[in-house]
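Please consider the following predicted model.

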Amino acid sequence: MGGFEGHLFPGLFFLFYGLYHGRLFSKASICNCFVQYPPTHPWSKGRWAKLQQIYYVGFLKILGACILVAQELNNIPGQFALITKLFYQRNFIYRKEWQHLTLYMSFFLSGCVDVASQNLLPRRCATLEQAAQALALFVCLPLMVSHIQDTEGVELQAHILLIQAMFLLMLVVIAELWAPNMPQIWVMKAFLNMVVGTWLIHIGFILFKPISGYKWMDDDKNDIMFVTTFFCWYVAFSAILMIWIYGFSFVWYCYVC
């Protein structure tokens with residue numbers, strides 16, 4: 001996730017995924033129905049009828065992962081390889097780029113599992129989809145921990161806060177494997193996805209395009225403290241966003257539909 005786009009695009013992926021699950025949770029709680037993992041409908045006859053019954057979330061995951069992989073490969077200077085021979089030594093190169101690609105491929109596989117479960121299997125297997133999500137986040141977490149080995153100051157603090165949010169998200173997704181029908185887990189998954197997404201986007205602005213026009217200083221304790229303050233603001237913003245989604249859904253399903 002190097003560069004501004006490398007933080008923006010994954011952040012948008014997590015943000016929209018959180019908004020999607022926030023809408024599902026709101027509809028489930030307002031309409032008192034099970035919509036988080038609805039069963040697969042029997043296929044109706046007709047070309048357009050089949051298109052209307054396709055679940056597109058898995059396809060969007062695959063598309064998002066492919067876009068992130070293409071963006072990562074486009075930013076690599078020179079020949080992309082894993083090991084280079086230099087002075088009779090074998091050294092690993094592009095270590096961060098390989099970490100990014102591993103992370104993106106884990107979400108690509110999660111999208112493939114979603115597509116197979118939602119559109120190909122005769123009966124939808126929600127447990128399989130949840131396990132693929134948990135595996136993707138389980139892969140993501142150690143990569144992020146390793147990713148901050150050579151960082152310091154503002155960048156280090158920003159990524160530590162990101163790792164904390166991703167760790168909580170991983171715990172929630174793993175808990176969903178044993179309690180898939182708990183609305184509390186649904187709302188926490190949506191909320192933490194939005195926290196991770198909005199904070200990833202903000203990290204891109206902090207490191208590469210500061211809104212104030214002045215670069216954040218690693219040797220200034222005030223800047224490091226403000227990073228933590230901004231993270232807390234984004235947590236509050238995500239909570240307000242969840243409330244707004246629920247309020248809009250309440251008006252929509254109770255008075256419009």
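Helices α5 and α6 cross in a left-handed manner in this predicted model. Helix α5 covers residues 126-147 and helix α6 covers residues 153-178; their axes come within 9 Å and cross at roughly 155 degrees. Angles over 145 degrees count as roughly antiparallel, and α5 and α6 are therefore roughly antiparallel to each other. On the α5 side, the residues making the contact include Ala-134, Leu-137, Phe-138 and Leu-141, while those of α6 include Leu-162, Ile-163, Met-166 and Met-170. Classified by residue type, this contact comprises 17 nonpolar, four polar and one charged residues.

Two residues may now be examined individually. Beyond residues up to four places away in sequence, Val-227 touches Val-154, Gln-157, Ala-158, Leu-161, Trp-199, Ile-206 and Trp-216. Ser-238 lies in helix α8, which comprises residues 221-256. Is Ser-238 buried or exposed? Its relative accessible area is 0%, so Ser-238 is buried. With the same exclusion of residues up to four places away in sequence, Ser-238 touches Phe-191, Met-194, Val-195 and Thr-198. Ser-238 and Gly-18 are 220 residues apart in sequence, yet their C-alpha atoms are 9.6 Å apart in space.

Technical notes:
Residues numbered from 1 in each chain as written. Predicted model: local features only at pLDDT ≥ 70, side-chain atom pairs only at ≥ 80, totals over all residues. Heavy atoms only, no water. Helix = DSSP H or I, 4+ residues; strand = E, 2+ residues; numbered from the N terminus. Buried < 20%, exposed > 50% of the residue type's maximum accessible area, 1.4 Å probe, protein only. Contact = heavy atoms within 4.5 Å. Axes fitted to C-alpha atoms, helices over the stretch in contact; angles between N-to-C directions. Parallel < 35°, antiparallel > 145°, perpendicular 65-115°, else oblique. Left-handed = near helix turned anticlockwise from the far one by under 90°. Nonpolar A, V, L, I, M, F, W, Y, C, P; charged D, E, K, R; others polar.
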